[in-house]
Amino acid sequence: AKLNHAHMDAGSFVLDANGVRWAIDLGSHNYHKLESQGLKIWKRTQDSERWDVFRYHAASHNTLMVNEKAHLVDEFVRIIDSQSTKKMKGTKVDMAAIFGGQLTQAERSIGILDNSVVVIKDDIENSDEEATIRWAIMTWDNIEIDKNQATITKDGQSMQVKILSPQDATFQTYSAQPDNDFEDRNPGKLMLGFETELAAEEKQQLIVQFVAEGKDEASKKVMKEFLEW
């Protein structure tokens with residue numbers, strides 16, 4: 001995040017299907033508007049005012065947060081594996097460094113299964129203190145939630161999103177609007193996600209499945225291969 005023009009978006013992704021972007025990156029912010037408020041946005045240290053800007057902070061990106069804390073700006077996500085077969089295409093990254101010891105393991109695997117379904121799997125292990133993990137994406141504000149399932153609708157298309165793990169997790173929405181009136185607004189957007197509590201040294205898998213309108217779920221065999229990867 002400390003690089004020129006970078007955001008605190010390590011581990012984030014975008015997702016398109018049927019001509020609609022469902023997992024959204026809000027993009028850049030008007031620099032002059034921020035500088036006119038006296039914000040020192042070109043200081044890229046951990047305590048910089050730059051990270052008070054919603055679009056720059058991890059809270060607006062499609063990634064994980066631990067105890068609502070910012071990612072470490074000096075660290076980055078490392079690509080550690082990839083898959084490219086007829087049935088499964090995917091990438092695995094090591095996110096642990098950006099959490100600064102809050103998690104001892106944080107591996108995110110993103111897979112496209114049967115050229116139809118997208119699955120995000122986070123294998124995490126907590127450190128020696130209790131922690132709250134937030135999984136979230138920026139998306140459109142037309143959302144219907146039924147416990148661990150959500151349906152997002154946009155431009156006559158829909159996306160089904162389901163939490164496969166933890167089984168007791170339930171979706172909720174978070175505001176997509178910044179606290180400061182002078183920041184760019186994000187009309188028509190909401191954050192969709194969930195939170196899970198981890199005891200000290202607890203391991204957990206966060207698994208979320210995306211199925212676009214007109215697509216079938218992946219076969220059990222391919223899903224099993226991905227989850228064991």
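Q: Lys 147: buried or exposed?
A: Exposed, with a relative accessible area of 62% in this predicted model.

Q: Where does Lys 147 lie?
A: You'll find Lys 147 in the loop between β9 (143-146) and β10 (149-154).

Q: And what about the phi of Lys 147?
A: Phi is positive there, about 60°, although Lys 147 is not a glycine.

Q: Switching to strands. In what order do the four strands of the open sheet come?
A: They go β3-β8-β13-β12, and the pairing is antiparallel. At the edges are β3 (64-66) and β12 (172-174), each of which pairs on one side only. On average, neighbouring strands of this sheet are turned by 35° against each other, direction ignored.

Q: How many bridges join β8 to β13?
A: There are 10 bridges between β8 (residues 131-140) and β13 (residues 189-198), and these two strands run antiparallel.

Q: Which residue in β13 does Thr 139 stand opposite?
A: That's Leu 190.

Q: Now the inside. Which residues of the largest nonpolar core touch the most other members?
A: Ile 133, Trp 135, Phe 171 and Phe 210, out of 58 residues in that core. Strand β8 gives the largest share of the core, seven residues.

Q: What is Ile 133 in contact with, leaving aside its neighbours within four places in sequence?
A: Quite a list: Leu 64, Met 65, Val 66, Leu 103, Ile 124, Phe 194, Glu 195, Thr 196, Leu 198 and Leu 206.

Q: Let's go to helix α2. Which residues are buried there?
A: In α2 (residues 220-228), Val 222, Met 223 and Phe 226 are buried. They cover an arc of only 100° around the axis, so they are on the same side of α2.

Q: What covers the buried residues of α2?
A: The cover includes β5 (88-94), β6 (103-113), β7 (117-126), β11 and β14 (203-212).

Q: And what does the face turned away from the buried side carry?
A: That face of α2 carries the exposed residues Lys 220, Lys 221 and Glu 228.

Q: Last topic: His 61. Where is it found?
A: His 61 is in the loop between α1 (31-35) and β3.

Q: Buried or exposed, that His 61?
A: His 61 is buried, with a relative accessible area of 2%.

Q: Which residues does His 61 touch, not counting residues up to four places away in sequence?
A: His 61 touches His 7, Met 8, Asp 9, Ser 12, Asp 25, Arg 55, Tyr 56, Ala 136 and Met 191.

Q: And what lies 2.9 Å from a polar atom of the His 61 side chain?
A: The backbone oxygen of His 57.

Terms used: Residues numbered from 1 in each chain as written. Predicted model: local features only at pLDDT ≥ 70, side-chain atom pairs only at ≥ 80, totals over all residues. Heavy atoms only, no water. Pairing = 2+ DSSP bridges. Axes fitted to C-alpha atoms, helices over the stretch in contact; angles between N-to-C directions. Core = buried A, V, L, I, M, F, W, Y, C linked by side-chain atoms within 4.5 Å. Buried < 20%, exposed > 50% of the residue type's maximum accessible area, 1.4 Å probe, protein only. Contact = heavy atoms within 4.5 Å. Arc of directions from axis to C-beta. Polar contact = N/O pair within 3.5 Å; in protein donor to acceptor, adjacent residues only side chain to side chain.
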